[in-house]
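Subject: Structure handover

Hello,

Here is the structure I promised to pass on. Please open it first, then read my notes below.

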Amino acid sequence: MLFRSWAAPDDLAAIGLAVGRPVQPMLAATATSVADALAVTGEASVEYKLDGARIQVHRDGDDVRVFTRSLADITARVPELVAAVRELPVRAAILDGETLSLDEDGAPRPFQDTMSRFGAEAARDVALRPWFFDLLHLDGRDLIDEPLRVRRAELERVAGDLVIPGVITADAVAAEAVSHEALAAGHEGVVVKSVDGTYAAGRRGKNWIKVKPVLTFDLVVLACEWGSGRRTGLLSNLHLGARDATGEFGGEFVMVGKTFKGLTDRLLRWQTERFPEIETRRTAHVVYVEPVTVVEIAIDGVQRSSRYPGGLALRFARVKRYRPDKEPAATDTIQSLRALLRG
């Protein structure tokens with residue numbers, strides 16, 4: 001019998017939560033401003049959006065296990081996170097949050113430092129610090145179906161200074177102030193979360209909405225073109241795909257644009273080595289690949305276009321970074337990009 005060590009969204013209603021068995025993390029939609037996000041959520045918990053790595057931590061007595069966004073067990077690699085959770089005044093808990101490393105001044109280190117720390121088999125000099133923003137289970141009580149207002153109150157009661165900063169408000173001015181504070185502290189922006197919303201494991205809805213100064217979307221690489229000039233011999237221009245969540249394009253990924261901007265020499269070398277390993281076919285100028293590589297793309301918006309099958313194209317797309325911590329199934333959708341169209 002095949003045993004799954006994680007719970008998919010549809011499983012939860014049938015089997016409930018189990019401490020030690022990770023669940024798919026809830027995902028956030030995207031908005032261009034805090035005011036737009038509040039217009040959707042109503043009263044919300046407006047929380048710092050960290051440039052870190054997602055973690056889900058399960059505690060059962062002294063047994064603590066730490067899982068990544070993709071549900072990989074990295075407990076042995078993060079003893080500092082285990083120690084921090086063992087200090088909490090709980091017997092059993094499932095916590096959702098993020099972790100990142102800080103510099104000597106308490107400012108967040110680059111995302112790459114956090115991810116390289118995740119890959120270490122033993123503790124390194126760079127320590128990780130946890131912040132939690134949700135609580136799914138506490139001492140025998142499942143909270144996943146409780147509104148965020150209840151979950152957040154319980155989290156603040158037991159996690160103290162490990163709770164991610166934020167305020168509950170329906171006022172756009174107060175919410176914008178939190179965004180300014182987060183940016184001034186070196187973080188990405190804020191996530192606006194409906195206080196009446198429950199936890200939708202593995203799903204992206206309107207209860208959580210992330211707001212950043214620059215719009216960023218997680219897309220997949222569909223193909224890559226050989227470069228020219230100083231990039232001759234290197235794979236350069238990326239073909240970008242958005243996930244089709246509703247099946248209107250066959251349930252696969254829909255091409256929404258191309259970009260070669262933002263690629264450093266290191267990334268050019270990496271993708272030139274990597275993409276032929278996952279190649280599906282090629283032409284004289286293009287290497288087509290399996291849609292498994294997630295890349296974070298910054299854009300200035302989208303525009304209507306007949307060039308691509310989704311009916312839109314990205315405006316001023318540039319590579320921010322690759323996201324090895326994310327699975328293609330958790331990327332942004334053609335439907336969410338289409339919602340940015342005006343008129």
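**Around Tyr199**

Leaving aside residues up to four places away in sequence, Tyr199 touches Gln24, Pro25, Met26, Arg54, Asp96, Asp134, Leu136, Ile144, Arg151 and Trp208. Contact here means heavy atoms within 4.5 Å.

Before going on, a word on the source. This is a predicted model: local features need pLDDT of at least 70, side-chain atom pairs count only at pLDDT 80 or more, and totals for chains, interfaces and linings use all residues. Residues are numbered from 1 along each chain as its sequence is written, and side-chain values use heavy atoms, with hydrogens and water left out.

**Cores**

Tyr199 also belongs to the largest nonpolar core, which has 31 residues. Val190, Val192, Tyr199, Trp208 and Val211 touch the most other members. A nonpolar core is a set of buried Ala, Val, Leu, Ile, Met, Phe, Trp, Tyr and Cys residues joined through side-chain atoms within 4.5 Å. Buried means under 20% relative accessible area, exposed over 50%, and partly exposed in between (1.4 Å probe, protein chains only).

Elements that each supply at least two residues of this core include β1 (27-31), α2 (34-41), β9 (189-194) and β10 (204-211). Helices (H or I, at least four residues) and strands (E, at least two) are DSSP runs, numbered from the N terminus.

Helix α6 (residues 172-184) holds Ser179. Ser179 counts as buried because its relative accessibility is 5%. It touches Val34 and Val190, again not counting residues up to four places away in sequence.

**Aromatic rings**

There are 4 aromatic pairs in the structure. Rings of Phe, Tyr and Trp (its six-membered ring) pair if their centres lie within 6.5 Å; planes under 30 degrees apart count as stacked, over 60 as edge-to-face and the rest as tilted.

Together with Phe133, they form one aromatic cluster.

Another pair, Trp270 with Tyr322, is tilted: 4.8 Å centre to centre, 50° between the planes. This pair links distant parts of the chain, with Trp270 in helix α7 and Tyr322 in strand β19, 52 residues apart. Trp270 counts as partly exposed at 35% relative accessibility, while Tyr322 counts as buried at 11%.

Lys193 lies over the face of Trp208, at 4.0 Å from the ring centre. Arg129 lies over the face of Trp131, at 4.0 Å from the ring centre. The test is that NZ of Lys or CZ of Arg is within 6 Å of the ring centre and within 35 degrees of the ring normal.

**Helix α7**

Which residues of helix α7 (residues 265-274) are buried? They are Leu267, Leu268, Gln271 and Thr272. Seen down the axis of α7, they fall within an arc of 135°, so they line one face of the helix. The arc is that of the directions from the helix axis to the C-beta atoms. Arg266 and Glu273, on the other side of α7, are exposed. The cover over the buried residues of α7 includes β11 (215-226), β12 (235-243) and β19 (318-322).

Best wishes
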